[in-house]
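Here is a short briefing on one protein model. It goes through a few selected residues, grouped by topic.

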Amino acid sequence: MTFWEYLSISHQQLLTDAYQHASAVFQCMVVATVLGVLIGVLTYRSELGGNIATTTTSAILTIPSLAMIGLLIPVVGLGVPPTVIALTLYGLLPIVRNAIVGLRGVDPTLVDAARGIGMSRLTRLTRIELPLAWPPILTGIRVSTQMLMGIAAIAAYASGPGLGNEIFRGIASLGSKNALNQVLAGTLGIIVLALLFDAAYVLIGRLTIPRGIRA
């Protein structure tokens with residue numbers, strides 16, 4: 001059976017796996033973005049706090065994904081829970097680091113001017129600092145998403161959702177007539193999803209970042 005014949009026969013299952021894969025990555029990225037930006041906001045003013053935040057999230061990223069999921073299975077069981085926890089933790093580092101770098105890079109004179117006209121700390125943060133730090137934060141989100149697209153495939157090890165199931169089925173049946181087709185379909189599907197997500201982030205950047213800041 002050729003690859004295209006396999007796609008025509010299995011397209012429904014592939015579309016379902018692709019949707020679950022994209023959904024899992026998107027939802028985990030939303031959580032990771034909220035947590036990462038919050039950590040960045042809480043630590044960017046302190047050199048020690050920033051170092052602890054980046055070191056801790058860096059340490060998490062060094063844990064092999066199979067080991068992470070394997071450690072989570074006895075605690076939260078199989079399926080979606082270990083997938084969500086693992087992907088969220090892995091997605092933190094680029095967002096935390098870029099949030100800290102972006103917030104520290106805001107021109108202090110702008111912050112002083114805002115303080116001088118009576119803006120509160122929260123108002124300065126939400127109306128001046130975070131908008132100006134948004135470009136590097138968005139870059140961190142893009143990097144995290146690309147990483148999680150690949151890591152999410154390992155979720156199949158814990159009966160998680162996504163295209164990793166297609167890859168694992170192919171690996172488990174190496175030597176059969178469709179093994180290579182299954183691995184190739186799952187891999188190409190992840191690549192296509194990663195490109196689509198990245199194109200969406202480019203569009204979001206064009207819509208949310210003023211031209212002057214982009215320049």
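Is Leu195 buried or exposed? Leu195 is exposed, at a relative accessible area of 58%; exposed means over 50%, buried under 20%, and partly exposed in between (1.4 Å probe, protein chains only). The model is predicted: local features need pLDDT of at least 70 and side-chain atom pairs count only at pLDDT 80 or more, while totals for chains, interfaces and linings use all residues. Residues are numbered from 1 along each chain as its sequence is written, and side-chain values use heavy atoms, leaving out hydrogens and water.

**Leu195**
- Helix α9 (residues 179-208) contains Leu195; helices are DSSP runs of H or I with at least four residues, strands runs of E with at least two, numbered from the N terminus.

**His21**
- His21 is part of helix α1 (residues 3-43).
- His21 counts as buried because its relative accessibility is 1%.
- Setting aside residues up to four places away in sequence, His21 touches Met149, Ala152, Ala153, Gly162, Leu163, Gly164, Ile190 and Leu193 (contact means heavy atoms within 4.5 Å).

**Pro81**
- Pro81 sits in helix α4 (residues 80-90) and is partly exposed, with a relative accessible area of 36%.
- Between Pro81 and Gly160 the C-alpha to C-alpha distance is 8.3 Å, and they are 79 residues apart in sequence.

**Annotated span**
- An unreviewed UniProt entry annotates residues 18-201 as "domain: ABC transmembrane type-1"; such annotations may be inferred rather than shown by experiment, feature names are shortened, and positions follow the numbering used here.
- Residues 18-201 are 81% helix and 0% strand, with end C-alpha atoms 19 Å apart.
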